[in-house]
Amino acid sequence: MDPLLIVWTVAGALVVVALIGAVWTGAALATMRRLGATVDERWRALSTTLEQRRAAAEPLLATATEPQRARAEAAFAALEQAVFPSGKAEAEAEVQQALRPIAAAAAAQASGSEAFRARAALAALEDEAQQRRRDYNTGARELNARLRRFPTSLWASAAGGRRDFFEVDQSGAVAEPPRIQF
């Protein structure tokens, strides 16, 4: 067999393997970027939903005592300032704890009152926040799992790196949304 033919065959095979590797790497990198962008989008949606509660709670805060209102305002301010999941989770727990007695005090209001509608809006926002929490945590779990696998771990920074889960330390703060009795 001609030695030049062997050299060209080996060189061609190496080029084909290199091309396959480059295409695979490019596809994996694009997938990681897309997954990272999806998780970031879910985080923004969750943050927005959590921050919408201030407007929904305004009618309840109007009927609250001054210390209750001050505590709720401080909790909402902390929620808006928090950037990372751990900070948002702590602030959300504080918001839930601050709103619970206010919502309970407004339970005696008539069913057509502003406070009643505010409680219903808060319950709907809490349901939406629960769904968005699950979506974000699912995306973060998938992204983190892919980032741990070789070879995607080599370019983990392309997807923005590992994401923390949104876990509320005080499970009672989220486990029981404000109740509405019809």
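1. Of the 182 residues in the chain, 35% are buried, a term that stands for under 20% relative accessible area with a 1.4 Å probe and protein chains only. The model is a predicted one, in which local features need pLDDT of at least 70 and side-chain atom pairs count only at pLDDT 80 or more, while totals for chains, interfaces and linings use all residues. Residues are numbered from 1 along each chain as its sequence is written, and side-chain values use heavy atoms, with hydrogens and water left out.

2. The chain holds 6 helices and 0 strands, and its pattern along the sequence reads α-α-α-α-α-α; helices here are DSSP runs of H or I with at least four residues, strands are E runs of at least two, and both are numbered from the N terminus.

3. Where contacts join residues at least 6 apart in sequence, 75% of them link residues at least 24 apart, contact being heavy atoms within 4.5 Å.

4. Helix α2 (residues 53-63) and helix α5 (residues 114-148) have axes that come within 7 Å and cross at roughly 155°, the axes being lines fitted to C-alpha atoms over the stretch in contact, with angles from 0 to 180 degrees between N-to-C directions. The two helices are therefore roughly antiparallel, the word used for angles over 145 degrees.

5. The residues that make this contact include Arg53, Ala56 and Leu60 of α2, together with Glu114, Leu122 and Glu126 of α5. The contact residues divide into 9 nonpolar, no polar and 4 charged, where Ala, Val, Leu, Ile, Met, Phe, Trp, Tyr, Cys and Pro count as nonpolar, Asp, Glu, Lys and Arg as charged, and the others, Gly among them, as polar.

Conventions. Parallel < 35°, antiparallel > 145°, perpendicular 65-115°, else oblique. Buried < 20%, exposed > 50% of the residue type's maximum accessible area, 1.4 Å probe, protein only.
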